[in-house]
Amino acid sequence: MTAVTTYTSRVVRITIEYDGSAYNGWQVQNNAPSVQAAVESAVNRLTGGTGRVRAAGRTDAGVHARGQVAVLSLPETLPVERVPEALNSRLPDDIAVVAASSCEASFDPRYDCVMKQYSYSLTYGPVRPALGDRRSWHVKRPLDVAAMAAAAGLLAGHHDYTSFANRERAGEDNVRTVDRSELVVLPADAAGRGRLVYYVEGRSFLYNQVRAMTGTLFGIGTGRFNRDDIPRIFAARDRAAAGESAPPWGLCLEWVLYPGESRPEDRGGLVGR
């Protein structure tokens with residue numbers, strides 16, 4: 001029988017950055033790799049225990065994070081300032097703990113959150129990118145960027161977002177508040193590709209909501225929709241009324257904010273690094 005190490009523990013809050021390309025999302029899966037499983041494996045190898053790691057949100061397969069927040073129990077003998085180094089030496093190269101701090105045992109990274117920011121990065125132009133192709137959605141066709149930017153703000157507000165929710169995962173209450181929906185145009189890159197970052201902020205989101213909102217803006221950029229269609233899409237409460245979901249690899253969880261914390265500045269998505 002395997003011995004389990006016991007120790008006096010404390011609750012630690014960590015901020016995690018990861019490239020989600022190789023993972024089937026954050027949450028532990030029975031038959032697929034997940035970010036949560038990788039982090040828990042590192043924690044358990046460090047402590048000799050079998051602890052769980054709870055995060056602010058469950059990013060989907062292929063989705064990245066720069067500021068995922070999680071909590072875990074660690075021995076009091078491990079100084080909190082050494083936690084990132086201790087875990088990173090046991091994590092794969094595509095996952096890194098970038099910050100750690102002590103927190104109250106009652107801290108809940110999901111329910112105590114007051115705001116999250118997601119960015120969606122998109123490039124467009126005839127030349128496909130060879131670098132960063134897993135961190136942005138590249139579109140070869142031209143886009144009406146001005147129309148997309150003008151329509152983005154209409155997706156913010158307090159609405160029933162059923163038309164932007166995954167059919168299988170939508171619940172009875174699909175009302176959410178989106179505090180920010182803004183498309184930012186960055187200068188073209190060295191190859192002449194246009195660069196767009198779509199920022200979405202709110203306390204909570206439906207499954208696939210941000211990707212569906214992005215796909216709807218893409219539909220406006222290609223002429224399938226126009227800004228006057230947005231109220232109709234909301235009113236339909238039907239996923240078929242909105243655009244297709246944008247692919248996961250352009251999406252990044254940028255940060256999670258808690259009471260008393262200051263809102264970080266925009267970081268340029270995954271194409272502005």
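1. A word on the model: it is predicted, so to speak of local features a pLDDT of at least 70 is needed, side-chain atom pairs count only at pLDDT 80 or more, and totals for chains, interfaces and linings use all residues. Residues are numbered from 1 along each chain as its sequence is written, and side-chain values use heavy atoms, with hydrogens and water left out.

2. Let's begin with charge pairs. Searching the whole structure gives 15 salt bridges (a side-chain nitrogen of Lys or Arg within 4 Å of a carboxyl oxygen of Asp or Glu). One of the networks to look at links Arg180, Glu182, Glu201, Arg263 and Asp266.

3. Which residue forms a salt bridge with Glu254? The partner is Arg66, with the closest N and O atoms 2.4 Å apart. Glu254 sits in strand 10 (residues 251-257) and Arg66 in strand 3, so the bridge ties together parts 188 residues apart in sequence. Strands (E, at least two residues) and helices (H or I, at least four) are DSSP runs, numbered from the N terminus. Glu254 is buried, at a relative accessible area of 0%, and Arg66 is buried at 11%. Buried means under 20% relative accessible area, exposed over 50%, and partly exposed in between (1.4 Å probe, protein chains only).

4. Asp60 and Arg211 also form a salt bridge, their closest N and O atoms being 3.7 Å apart. Asp60 is in the loop between strand 2 and strand 3 (64-75), while Arg211 belongs to helix 4 (residues 209-221), 151 residues apart. Both Asp60 and Arg211 are buried.

5. Next, have a look at the Arg54 and Asp108 salt bridge (3.8 Å, N to O). Arg54 is in strand 2 (residues 54-55) and Asp108 in the loop between strand 4 (95-102) and strand 5 (115-124), so parts 54 residues apart in sequence are tied together. Arg54 is partly exposed, at 40% relative accessibility.

6. Finally, the rings. Phe, Tyr and Trp rings (for Trp, the six-membered one) pair if their centres lie within 6.5 Å; planes under 30 degrees apart are stacked, over 60 edge-to-face, and the rest tilted. The count comes to 8 aromatic pairs. Tyr120 and Trp137 pair edge-to-face, 6.3 Å centre to centre with 85° between the planes, and both are buried. Trp137 and Phe218 make a tilted pair, at 4.7 Å and 45°. This second pair links strand 6 and helix 4, 81 residues apart.
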